[in-house]
Amino acid sequence: MKKSQFLLAVVILILLSAGFLRLTGWGKIVVKNETIVAPKPAVSISSTSEVIVTNPVVDEIIKSPLTVNGQAKGNWFFEASLPVKLVTVDNEVIAAVPGQAQRDWMTAEFVPFIATLDFTTKATRGYLIIAKDNPSGLPQNDASITIPIKFK
């Protein structure tokens, strides 16, 4: 094999390997099911490296209808939405809606979202869960942020 053919084969192999790693997401760091348990922040946000929730905040007393505002990295959305739900401390789902991206979601940057949840419950405590939309169903693509809240 000539030297030029060998170098071409090496370059093609490197490019194919890089493409495979990018498609499979190998080496990517993803937030996995974080629960925010810190006291109510002075700046009134709950956040991870991938999601920022400005309303509601940790341990806030909420009532229906609840408007959820925040930002998430574009890869948390699918078709401009991501799952938002309210659950009791016993994990009973009391409301679930898609949060809607407020601008182009096909980006690696933060994208603002909004969701409005109508609910009734006799529970006094629960969680707001914002999940990464995962149409593939693959566990390695799951991620969420869980914010403790109180019901009025």
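Predicted model: local features only at pLDDT ≥ 70, side-chain atom pairs only at ≥ 80, totals over all residues.
A residue counts as buried when its relative accessible area is under 20%, as exposed when it is over 50%, and as partly exposed in between.

**Confidence of the model**

The chain has a mean pLDDT of 82, and 73% of its residues reach 70 or more. Over residues 23–32 the pLDDT falls below 50, although this stretch has 17 contacts in the model beyond near neighbours in sequence. Residues 35–44 likewise have a pLDDT below 50, and beyond near neighbours in sequence this stretch has 15 contacts in the model.

**Backbone features in the loops**

| Residue | Backbone feature | Value |
|---|---|---|
| Proline 56 | cis peptide bond from asparagine 55 | omega near -5 degrees |
| Proline 65 | cis peptide bond with serine 64 | omega about -5 degrees |
| Alanine 80 | positive phi, not a glycine | about 70 degrees |
| Asparagine 91 | positive phi, not a glycine | about 70 degrees |

Proline 56 sits in the loop that runs between strand 3, residues 51–55, and strand 4, residues 61–62.

Alanine 80 is located between strand 5 and strand 6, where strand 6 covers residues 81–88. Asparagine 91 occupies the loop between strand 6 and strand 7, the latter formed by residues 93–101.

**Two asparagines and their accessibility**

Is asparagine 91 buried or exposed? Its relative accessible area is 57%, so asparagine 91 is classed as exposed, the threshold for that class being over 50%.

Asparagine 134 provides the contrasting case. This residue lies in the loop between strand 9, residues 125–131, and strand 10, residues 144–151. Its relative accessibility is 15%, and asparagine 134 is therefore counted as buried, given that the class requires a value under 20%.

Which residues surround asparagine 134, leaving aside its neighbours within four places in sequence? With those neighbours set aside, asparagine 134 is in contact with Asn141 and Asp142.

In summary, asparagine 91 is exposed, whereas asparagine 134 is buried.

Methods. Residues numbered from 1 in each chain as written. Heavy atoms only, no water. pLDDT = per-residue confidence, 0-100. Contact = heavy atoms within 4.5 Å. Helix = DSSP H or I, 4+ residues; strand = E, 2+ residues; numbered from the N terminus. Buried < 20%, exposed > 50% of the residue type's maximum accessible area, 1.4 Å probe, protein only.
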